[in-house]
Amino acid sequence: MLDSTPPRSTYSPITLRDLETIPQIAALPAETRLQLSAVARVLPFRVNRYVLDELIDWSAAPDDPIYQLTFPQPGMLAADDLQTVIALLRSGAPAAELEAAVRTIQRGLNPHPAGQITLNVPTMDGRALRGMQHKYRETVLFFPAQGQTCHAYCTYCFRWPQFVGLEDLKFAARESEQLVEYLRRHPVVTDVLVTGGDPLVMRTAALRRTIEPLLEARLPGLTSIRIGTKALAYWPYRFTTDPDADDLLRLFEEVTERGMHLALMVHASHPREFETPAAIAAIRRLRSTGAVLRCQAPLIRRVNDDPRVWAELWRAQVRLGAVPYYMFVERDTGPKEYFKVPLARALAIYADAQRQVSGLARTARGPSMSATPGKVVVDGVLESGGTMHFSLRFLQGRDPAWVGRTFLAEYDERAAWLDELRPAHGAPEFFFQRPLREQQQQR
Ligand SMILES: *Cc1c(COP(=O)(O)O)cnc(C)c1O
Ligand code: SF4
């Protein structure tokens, strides 16, 4: 299968319009195809030939994890929402009517979790810097305007609102000058994380316009440039045979030659993403630039909710010279019910997977929630005062003083997010809730 497909140097997305041109989809019953296209009106859908030909195991679809990762599924919408869209499609309703119904459903899917838009946008000279987020003291996120799509879309993506036009790319920044100036005024920032979408959908020339000013500014505090990407999984040719792949690697070398750390924050959901010749070749080339690959992904039901899958994923990463970094809990947005793994089960999967690997592969922290107050990891379950509790800890805090703080919550087998937990021993609230409310009121 792998060797019969030539390297593809030209990326071309396959979207809802082309759904029927995929032979395996065209072969499905008409009712199933209608359901798929109904869900794809509400949630983003995009794949490409590499995902279709080399990642998805069609003989295992629809249960195949990569199929679940990229293709809309009927269960992602509430039954009545799905029926609404299907009925409109069947009756050939006017586009405006369909659009209005779709928007209503999308707004019901908690499109802006964890106060991302209101809480994390920094200001400079009284102006909001829309293309940046600054939540944790050391790290600024930068969202280059042209990097706000991806080579394929993950069905569980928490950034889905921007891909369906609900968010109007509010994050997008055009100017890296502003970023440099902001960093100059905040020397406490050591890391810039360039993110999206996937900033590596950008041509190298455009990415260079983001990265080069950071190098030329010689900011004394800046130690690390991170680039968040899923290109290794969705389009590894970005690093091998794309026309500007060599130029991209050259840019990465320029960062490391300046004595800075270049981290590729690799979004890696499943070990299969590390098995293709194209992905292996891409990793080899990336490592030759001095870049460090750090891998992270959410734990997703039907995609990777199995300790063996995580153990294999971490082993594959270590074998190829990449570093396991985070296991996230799926965010409370979009089709969350479809993908949800309760915290208790997430912890059990994480712990079981950790036990199966050596210390080199135990570097991923998790299961971690990127919640409004910070990144909170579930460390364990323990008995205290005759009852069961979750032991939790701040890995990152909106207030830096919270980092490393541990706290207890009542054990709850069904809770899947921080706001579904109750403080231990009948306390009215967690220690961070009042200061968080005060911060929110100041805005
Ligand atoms: C995860 C995250 C970071 C980076 O955190 P590290 O623990 O340093 O990897 C920065 N900003 C935001 C908003 C994040 O969610
Ligand atoms: S690669 Fe990342 S940003 Fe893109 S769809 Fe997947 S989760 Fe979302």
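Pro-62 is found in the loop between α3 (49-55) and α4 (65-70), where helices (H or I, at least four residues) and strands (E, at least two) are DSSP runs, numbered from the N terminus. This is a predicted model, in which local features need pLDDT of at least 70 and side-chain atom pairs count only at pLDDT 80 or more, whereas totals for chains, interfaces and linings use all residues. Residues are numbered from 1 along each chain as its sequence is written, chains are lettered from A and ligands numbered from 1 in the order in which they are written, and side-chain values use heavy atoms, with hydrogens and water left out.

Most residues other than glycine have a negative phi, and most peptide bonds are trans. The peptide bond from Ala-61 to Pro-62, however, is cis, and a cis peptide bond also joins Gly-196 and Gly-197. Gly-197 lies in the loop between β7 and α10 (204-216). Asn-110, which is not a glycine, has a positive phi, and its place is in the loop between α6 (95-107) and α7 (116-119).

| Site | Angle |
|---|---|
| Ala-61 to Pro-62 | omega near 5 degrees |
| Gly-196 to Gly-197 | omega about 15 degrees |
| Asn-110 | phi about 45 degrees |

Turning to the strands, 11 of them form an open sheet of mixed pairing, in the order β5-β6-β7-β8-β9-β10-β11-β12-β13-β14-β15, and two strands pair if DSSP finds at least two bridges between them. The edge strands, each pairing on one side only, are β5 (132-136) and β15 (406-410). Within the sheet, β6 (residues 139-142) and β7 (residues 191-194) run parallel and are joined by four bridges, and the bridge partner of Thr-139 in β7 is Asp-191.

Helix α14 (residues 307-319) lies across β10 (292-299) and β11 (323-329), running at about 150 degrees to β11; contact means heavy atoms within 4.5 Å, and axes are lines fitted to C-alpha atoms, for helices over the stretch in contact, with angles from 0 to 180 degrees between N-to-C directions.
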